[in-house]
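Let's take a look at how this protein chain packs itself together. Here it is.

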Amino acid sequence: MFDELNKYKINDHFFLKQTDTLLQACNAPDSSKGIFISGVYIVYALAKGKINMVYIGRSGEKGQDGEINNRKAGCGGLRDSIISGKDSDKVARRKSWLALMKAEDIEALDVYWYVTYDGINKDFPEDVERVLLQHYINIYGELPRWNRR
């Protein structure tokens, strides 16, 4: 669906079941050794034999200096954003995603992540996220459901 993500060679995915913790399941890289690793992630819900995209997110924001800004909490970067970042309900994803899974009877989440900004790539995650969201809207006429919360 998102051919623009094919150029990012550092990528992977992980499954999160209701019995897991996001901290244990997440295999996205941390920022380390002076290199800020940031990117985008796409969350698919697996429920009742169907797979639906429910969220498109990102880590890092473009600062006024043209560089990526770290989040104030945690070490920043892709892994930290997935685990400790907060959605519109102001609850850390490590808690909110499990609560949403229970409330929506979701068996598992399949989270795909892509490094868009590191020592090699310099694509700002918020710009990539904006393109992905617009592409989704063009197809479905609305945002993914967790992006609407």
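A residue counts as buried when its relative accessible area is under 20%, as exposed when it is over 50%, and as partly exposed in between (1.4 Å probe, protein chains only). By that rule, 46% of the 149 residues in the protein chain are buried. Keep in mind that this is a predicted model, where local features need pLDDT of at least 70, side-chain atom pairs count only at pLDDT 80 or more, and totals for chains, interfaces and linings use all residues. Numbering starts from 1 along each chain as its sequence is written, and side-chain values use heavy atoms, with hydrogens and water left out.

The chain has four helices and six strands; these are DSSP runs numbered from the N terminus (helices: H or I, at least four residues; strands: E, at least two).

Now for helix 2, residues 77–84: seven of its eight residues are buried. Among them are Leu 78, Ile 82 and Ile 83. Some of the elements covering its buried residues are listed here:

| Element | Residues |
|---|---|
| Strand 1 | 11–17 |
| Helix 1 | 22–25 |
| Strand 2 | 38–47 |
| Helix 3 | 93–103 |

Next, the cores. A nonpolar core is a set of buried Ala, Val, Leu, Ile, Met, Phe, Trp, Tyr and Cys residues joined through side-chain atoms within 4.5 Å. The largest one has 25 residues, and Ile 82 and Trp 146 are among those with the most contacts inside it. Apart from it lies another core of twelve residues, including Leu 5 and Val 128.

Trp 146 also touches Val 43, Trp 97 and Leu 109, among others, not counting residues up to four places away in sequence; contact here means heavy atoms within 4.5 Å.
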